[in-house]
Number of protein chains: 4
Amino acid sequence: MLSAMFIKFITTGGTIDKIYFDDLSQFEVGESQVQHILAEGLASFDFEIVPLLHKDSLEITAEDRQKIRDCIAADEAERFVVTHGTDTMPETAEALMGLEDKTIVLTGALSPARFRTTDAVFNVGMAVAAAQVAAPGVYIAMSGQVFEAGAVRKNRAANRFETVGDAPD
Amino acid sequence: MLSAMFIKFITTGGTIDKIYFDDLSQFEVGESQVQHILAEGLASFDFEIVPLLHKDSLEITAEDRQKIRDCIAADEAERFVVTHGTDTMPETAEALMGLEDKTIVLTGALSPARFRTTDAVFNVGMAVAAAQVAAPGVYIAMSGQVFEAGAVRKNRAANRFETVGDAPD
Amino acid sequence: MLSAMFIKFITTGGTIDKIYFDDLSQFEVGESQVQHILAEGLASFDFEIVPLLHKDSLEITAEDRQKIRDCIAADEAERFVVTHGTDTMPETAEALMGLEDKTIVLTGALSPARFRTTDAVFNVGMAVAAAQVAAPGVYIAMSGQVFEAGAVRKNRAANRFETVGDAPD
Amino acid sequence: MLSAMFIKFITTGGTIDKIYFDDLSQFEVGESQVQHILAEGLASFDFEIVPLLHKDSLEITAEDRQKIRDCIAADEAERFVVTHGTDTMPETAEALMGLEDKTIVLTGALSPARFRTTDAVFNVGMAVAAAQVAAPGVYIAMSGQVFEAGAVRKNRAANRFETVGDAPD
């Protein structure tokens, strides 16, 4: 039986997991950084990490979103954190709505977890807390806030997430 | 008027804010690291930081706890994050119970925020999310978990927080 | 008059100064990181930083190398650290040989200075020491070693610098 | 046979290796950080690390200094980096003078290597370069400079190393 606080992490790629190769001057999605972040956070709950996709979020297709949804629906866990590229995170969040008794939190990072200064650790911390505390539903934990799916967008000019309907700066 | 997501941070000292002075080989509580952590987390909500105390948690007295409680009770804000030393964090959490319509989350760190490897960033991320999402009440966000006040203790031997009543490893 | 330990830094781009932009998924040469690295190293000697070029080292031309050489030849300083991309660092080092009474040390990084784990800080530390201690001439400080210009190459497969003539592993 | 670039590291304690224990609120000398620093610097030369002492530099005695000197004198290596607490580093440097054909560089850190911001990595980079490049003798690599033993002191008020005889700021 899964413990009450068990969280299933599903990684799909995105900036949070980007790595840099000097020889070819490339910057590609690498191994998931979630495990390192949880270790640094001294997290002591039970979890499992499923590396489902390995893509920039602009390349995530409708089929990919269905695959994530199916993966969650078929899983006995009740709490999920999905790491995802930021550009289409709101679309994926909407595609996961309506699964009963599941608390699903999407998060990611605006700069890679391997950077000296990164929002990745803070964001995964937020996602882990939201997955434990929030009512069943779909959420995005970014920019220091926990947003509900369907009411959040990425403001690319300001490089932050905000509630749909917020007045511009 | 405060925005719905406004969080008041109250800092009281503890390991999270420890700094080291070479000359005297001392290690003392320094300036609050909360602002730096929120900046690194690219947090874009409204907040205010009140540096209320500057103590190791073993030195926190009943008067100090009353002072924290009075500070929160007198404040119009509804969401609070209290940074605190870890050794007596559960006692302070209990001393803050019973304030109506206030969501209060205590957090801190087992290693200082100025360290290269620290749980401080992850923990403040958790606390910020819990302060936004949790129902009114008092919580501790440590060890990757959000605990309810009155049902959590620090296991010093294992150097982690756990639910009271958990079986030992 | 310049102090005996004065070092002139010339930055030309390369991985050491790479930055990442999420929106466009680009990775470009940014502001020089030398100043931040010297601050972290608590360096207390006199120095000046000249941002001369802003290029990946594969794009450095013969004209660029002449420009670096002219810049050094015309300068009254005797000690120079040149930050440079790694792929053609040996070629630029050779192009700077033969300037009398000048100690010139080229360095850079295999992973960007902004990364949490980077060789940039160590390498600039090596370059600063070599510029102060070595006899006039041209050197490369990389891979934990100070090489003489003309006798060093980048082993791309092993991703390290080595003396020309070293036996393969 | 030792390679020409072989460096023997001797660690003696000091701030560079300090670690912090939350439970007891202690800050003690821990395992040597030299190996981690060399790995981060992508150093590819041959080396060996000897953990000789484990002390704050104010506790280093005349016997300890003789022990370090004997250790170096009896060793076939020609290049040595000695990590040491900063407060009495100049005294130890003087105690190591006069060993023929040995290049000995002392270094350490004003803030621990485990800190997010530390001079340890830069300083060990300097020491490694100086050990390879400098003529036989004893040196201190701190504050961005390579000083000769006997002509350097720690300015505690300014928290930096400087040449004896330097005018005050």
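Which residues are linked with A:Lys8 in a network of salt bridges? Good morning. The structure before you is a predicted model, and I shall begin with that question. The network joins A:Lys8, A:Glu48 and A:Asp75.

Let us look at one pair within it. The side chains of A:Lys8 and A:Asp75 form a salt bridge, with nitrogen and oxygen 2.8 Å apart. This pair connects distant parts of the chain, since 67 residues separate the two. A:Lys8 belongs to strand 1 of chain A, whereas A:Asp75 sits in the loop between helix 2 (62–73) and strand 5 (79–83). Are these two residues buried or exposed? A:Lys8 has a relative accessible area of 9%, under the 20% limit, and is therefore buried. A:Asp75, at 15%, is also buried.

C:Lys8 is in strand 1 (residues 7–11) and C:Glu48 is in strand 4 (residues 47–51), so the bridge ties together parts of chain C that lie 40 residues apart in sequence. C:Lys8 counts as buried, at 9% relative accessibility, while C:Glu48 is partly exposed, at 40%.

In chain B, the salt bridge between B:Arg160 and B:Glu162 has its closest N and O atoms 3.4 Å apart. B:Glu162 is buried, with a relative accessibility of 6%. Over all chains, the whole structure holds 36 salt bridges.

Let me now turn to a charged residue without such a partner. Side chains of opposite charge can pair when their charged atoms come close. B:Arg65, in helix 2 (residues 62–73) of chain B, is buried yet has no salt bridge.

How many residues does the largest nonpolar core have? It has 52, and A:Leu38, A:Val128, B:Leu38 and B:Val128 have the most contacts inside it. In both chain A and chain B, the elements giving two or more residues to this core are strand 1 (7–11), helix 1 (34–40), helix 4 (120–133) and strand 7 (137–142). Take A:Leu38 as an example: apart from neighbours within four places in sequence, its contacts are A:Phe9, A:Ala43, A:Phe45, A:Phe47, A:Val124, A:Val128 and, from the other chain, B:Phe122. A second, separate core has 51 residues, including C:Val128, D:Phe45, D:Val105 and D:Ala113.

How are chains A and B related? Chain B is superposed on chain A by a rotation of 180° with 0.0 Å of shift along the axis, at an RMSD of 0.0 Å. This is the relation of a two-fold axis. Moreover, 100% of the interface residues of chain B are also interface residues in chain A, so the copies meet through the same surface.

Thank you for your attention.

Note on methods. Residues numbered from 1 in each chain as written. Chains lettered and ligands numbered in written order. Predicted model: local features only at pLDDT ≥ 70, side-chain atom pairs only at ≥ 80, totals over all residues. Heavy atoms only, no water. Core = buried A, V, L, I, M, F, W, Y, C linked by side-chain atoms within 4.5 Å. Buried < 20%, exposed > 50% of the residue type's maximum accessible area, 1.4 Å probe, protein only. Helix = DSSP H or I, 4+ residues; strand = E, 2+ residues; numbered from the N terminus. Contact = heavy atoms within 4.5 Å. Lys, Arg positive; Asp, Glu negative; His and termini not counted. Salt bridge = Lys/Arg side-chain N within 4 Å of Asp/Glu carboxyl O. Least-squares fit on C-alpha atoms with pLDDT ≥ 70 in both.
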